[in-house]
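Please examine the structure below. The questions that follow take up its overall organisation and then its local features.

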Amino acid sequence: MLIKYTLPVIGKTEVPLYGETIDIYSFLEEHRQIFRLRNLNQLGVISEVIHTARHPKFEYIFLQLYLFDEIKDLKGVYPLNKNIYETITGTELLKIWALLLSIGHMPCTFPVEKAILRILFEDKKIKDNLLSSIDSEGIRQYSEKIIEEQNIYSFYHVLSFIKLFKYCHGREQIAFSKRCATLLSLYCFDSKKASLNQLKELFGKIRRFSYVMLDSYYTSGKNILNLEDLKNFSGVMPNEHLQALINCMDSYLLQQIYKTRECIIAEVLLYQAI
């Protein structure tokens, strides 16, 4: 299966999906999650302050899917072409995580998610009702912990799990939803398996590279990073100067874009309104 998209930084691209990744993508399409991600603003309320900073979350996801393929043949410690879980390779598991994690994000992202998290933390009845759909003791305990700790940066994991179990209708879909939740839990849960932890590390690197690449483009109109940078950034021994550049860009985006006075005010007003 090929999915195609025109990325502003790269141009017309296509990404192949294999095995269970095809089934998961089709499942998300069936439940209109791909449509939703194509229409969900990646930067949320920030785009209401900086009008050029407007691109769909699907674009961010697709860039990750594309970059996973770009680095799959790099020599190094990352187990991209090996089977990591049953017959699923490292590259395909990365794609599965990128697809399943993103369905949990809400419109306007963190202000809305923070408000929902506050409600669940304060009202046990609402929390128990919402988590009752999760048909897995381990995942329910993980979700309880996220809510109890008010971990806003991992709360969308909980929302992703809730959605997956919510879509259980009929024996086959129940089994498939549970399978998706199991694959997602490989990312969310702690693991002692070295290959899985290496994959998580790489996943974090690619997600960071992707949002720095896209957000800097949309907020400044400049293409700061390219695919050659990606290969240097993802290698066993990343280029120190490139690492410093990405750190600087990440800091710049945080201080000059995400956390400007105007953006903070917009987020606070939205949070209070909810």
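**Questions on the predicted model**

Q: What share of the contacts in the chain with a separation of 6 or more comes from residues 24 or more positions apart?
A: The model is predicted, and its chain comes to 14 helices and 4 strands. Among contacts with a separation of 6 or more, the share of residues 24 or more positions apart is 68%.

Q: How many residues of helix 5 are buried?
A: Helix 5 covers residues 90-102 and has 13 residues. From its first C-alpha to its last, helix 5 reaches 19 Å, close to the 18 Å expected. Helix 5 is mostly covered, and its buried residues number 13 of 13.

Q: Which residues does threonine 91 touch, not counting residues up to four places away in sequence?
A: Threonine 91 lies in helix 5. Its relative accessible area is 4%, so threonine 91 is buried. With residues up to four places away in sequence set aside, the residues that threonine 91 touches are Phe68, Asp69, Lys72, Leu80 and Asn81.

Q: What distance separates the C-alpha atoms of glutamine 198 and glycine 90?
A: Glutamine 198 lies in helix 11, and its relative accessibility of 26% makes it count as partly exposed. Glutamine 198 and glycine 90 are 108 residues apart along the chain. The separation of their C-alpha atoms is 9.8 Å.

Q: Is glycine 104 buried or exposed, and how far in space is its C-alpha from that of valine 158?
A: Glycine 104 has its place in the loop between helix 5 and helix 6. With a relative accessible area of 0%, glycine 104 is buried. Not counting residues up to four places away in sequence, glycine 104 touches Glu113, Tyr156, Leu159 and Ser160. Glycine 104 and valine 158 are 54 residues apart in sequence, and their C-alpha atoms are apart in space by 7.3 Å.

Q: Which residues of helix 6 are buried?
A: Helix 6 has 13 residues, which at 1.5 Å a residue should span 18 Å. Its end C-alpha atoms are 18 Å apart, so the two values agree. The buried residues of helix 6 are Pro111, Val112, Glu113, Ala115, Leu117 and Leu120.

Q: How are helix 6 and helix 7 oriented to each other?
A: Two packed helices are described by the angle between their axes and the distance between the axes. Helix 6 (residues 110-122) and helix 7 (residues 124-131) have their axes 5 Å apart and pack at an angle of about 110°. Angles of 65 to 115 degrees count as roughly perpendicular. Helix 6 and helix 7 are therefore to each other roughly perpendicular.

Q: How many residues of the contact of helix 6 with helix 7 are charged?
A: On the side of helix 6, the contact is made by Ile119, Leu120 and Glu122. These meet Lys124, Ile126, Lys127 and Leu130 in helix 7. The contact residues divide into 4 nonpolar and no polar, and the charged ones number 3.

Q: Which parts of the chain does the pair of tyrosine 142 and phenylalanine 189 tie together?
A: The structure holds 10 aromatic pairs. The pair of tyrosine 142 and phenylalanine 189 is tilted, at 5.3 Å centre to centre and 50° between the planes. Tyrosine 142 counts as buried at 14% relative accessibility, whereas phenylalanine 189 counts as partly exposed at 25%. The pair ties together parts 47 residues apart in sequence, because tyrosine 142 lies in helix 8 (residues 137-148) and phenylalanine 189 in the loop between helix 10 (170-188) and helix 11 (194-220).

Q: Which residues do ring pairs link into a cluster?
A: Aromatic pairs in the structure number 10. The cluster linked by ring pairs is made up of Phe68, Trp97, Tyr187 and Phe203.

Q: What is the phi of arginine 32?
A: Most residues other than glycine have a negative phi. Arginine 32 has its place in the loop between helix 1 (19-30) and helix 2 (33-39), and at 51% relative accessibility it counts as exposed. Its phi is positive, near 60°.

Q: What is the phi of glutamine 150?
A: Glutamine 150 has its place in the loop between helix 8 and helix 9 (155-166). At 40% relative accessibility, glutamine 150 counts as partly exposed. Although glutamine 150 is not a glycine, its phi is positive, at about 50°.

Note on methods. Residues are numbered from 1 along each chain as its sequence is written. This is a predicted model: local features need pLDDT of at least 70, side-chain atom pairs count only at pLDDT 80 or more; totals for chains, interfaces and linings use all residues. Side-chain values use heavy atoms; hydrogens and water are left out. Helices (H or I, at least four residues) and strands (E, at least two) are DSSP runs, numbered from the N terminus. The expected span of a helix is 1.5 Å times one less than its number of residues. Buried means under 20% relative accessible area, exposed over 50%, partly exposed in between (1.4 Å probe, protein chains only). Axes are lines fitted to C-alpha atoms, for helices over the stretch in contact, and angles run from 0 to 180 degrees between N-to-C directions. Angles under 35 degrees count as roughly parallel, over 145 as roughly antiparallel, 65 to 115 as roughly perpendicular and the rest as oblique. Contact means heavy atoms within 4.5 Å. Ala, Val, Leu, Ile, Met, Phe, Trp, Tyr, Cys and Pro count as nonpolar, Asp, Glu, Lys and Arg as charged, and the others, Gly among them, as polar. Rings of Phe, Tyr and Trp (its six-membered ring) pair if their centres lie within 6.5 Å; planes under 30 degrees apart count as stacked, over 60 as edge-to-face and the rest as tilted.
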